[in-house]
Amino acid sequence: MFPFTYLRRHTAMRRLGRRLERSFKTWIYRALPKSSRSPRPASPDTLAGVRHVLLVRPNFRIGNAVIGARLIQAFAEGRPEIEIDYLGTDTTRALFDGMPLARYHALSRSMLVRPWKLIQLLIRLRRRKYDLTIQIGEGSLTSWLLIQLCGARQSLGQRGRLEASYDWVSDVSPPHAHELASSLAASLGLACASRPWLVVSEQESRSAAARLAGFSGQQAPIGIFVGGHLDKRLPLEFWQELLRGLEQHRQPHLVLLGPEEAALHTPLKSACGEFGHVLPRMPLRDFLAVLANLRRLITPDTGPMHMAAALEIPILALLQVKGSRKFAPKGPNDLILFRPTPAEVAEEASATLCPCLPLSARDHGSHLTPRLAAGKSAHPTGGNDTPHAYPAG
């Protein structure tokens, strides 16, 4: 592992980086001159005469990238005459394969030490001569800066301290993260489902199904993702006890690892029995295809949780902090556990809450073209901090 990557993933460095980011934002807000400009609220009129749009979401977190991607589908189906580009990051680029984009622009962390790469990116953006840039997300100083520098004719951003720098602003602040894209789309007169979006090809899904059949036979297994960011992460001992519990229930299960969990492969493998396997690290597209073939995913508040929500895979979400409730899945077959024990998770995972389909019977089409839903669903927030379970949606 490169020294820079090790430092970036270290817990203490992440906490320090979060504090420095907040301090830097505060300084920038104070340094920017006050403006009396009054931007207009976003409406269907925002798209009048627009032929080329840049969606801006340069976030390196998988979950944030997946949550905002649904707006791409909203434009493709509601305004197909508008050409859509996307400004994201290099680490999340693979998630956008198969989506109806004219061009994907990637921001990279390496641009911090190679500023000429950033200049080249800005030149490419300005040459595209966008009619409109749209900020997907809230409170991103990086997004705001790139929008100001890309040379678009008009811009649409979020309400807040920087709203005077935009031509249009979104007045909506949804209570749930999965409603971000749908709320923004609604203000523009576009239909949009209130959940993340991903595209898995038929070939990718069938290849993953054949691979999983070697581990669990023809029965779709339960997936377990053991990652997590800072205080959302669960200890190794929790996962080992959960694996032993699933073994007692005779539930076929697969442990999925991300780049930051590679060191856990051996201790997790030692906790698996006849019905469990630990998969090696996979490229992001292979990981996505495996998710599409799972019967259920057990995970904390992580990027794969949002990926599974996009694929309509039932999720058993293990939440550790109150803030995660805003990001918890809310599908009809999802279940949320707040600070559960491994035994409680194993019991819930073994309950028959969804059909145990064979791998060959998966409905791949539902992952490729999810149905649009204009309405929003309510989401419970729970009443206390004691361990409890409640259905999502």
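1. Strand β9, helix α9 (residues 265-271) and strand β10 form a β-α-β unit that is right-handed, a crossover being right-handed if, with the strands pointing away from the viewer, the path from the first strand over the helix to the second runs clockwise. Helices (H or I, at least four residues) and strands (E, at least two) are DSSP runs, numbered from the N terminus.

2. The model is predicted, so that local features need pLDDT of at least 70 and side-chain atom pairs count only at pLDDT 80 or more, while totals for chains, interfaces and linings use all residues. Residues are numbered from 1 along each chain as its sequence is written, and side-chain values use heavy atoms, with hydrogens and water left out.

3. Strand β9 (residues 253-256) pairs in the parallel sense with β10 (residues 276-278) over three bridges, where pairing requires that DSSP finds at least two bridges between two strands; V255 has V278 of β10 as its bridge partner. Both faces of β9 are covered, with H253 and V255 on one side and L254 and L256 on the other all buried, that is, under 20% relative accessible area with a 1.4 Å probe and protein chains only, against over 50% for exposed and partly exposed in between.

4. Strands β8 and β9 also run parallel, joined by four bridges. The chain passes from β8 through helix α8 (residues 236-248) to β9 in a right-handed β-α-β crossover.

5. F225, in strand β8 (residues 222-225), stands opposite L256 of β9 and is buried, at a relative accessible area of 7%. Leaving aside neighbours within four places in sequence, F225 has contacts (heavy atoms within 4.5 Å) that include W239, L256, F287 and P304.
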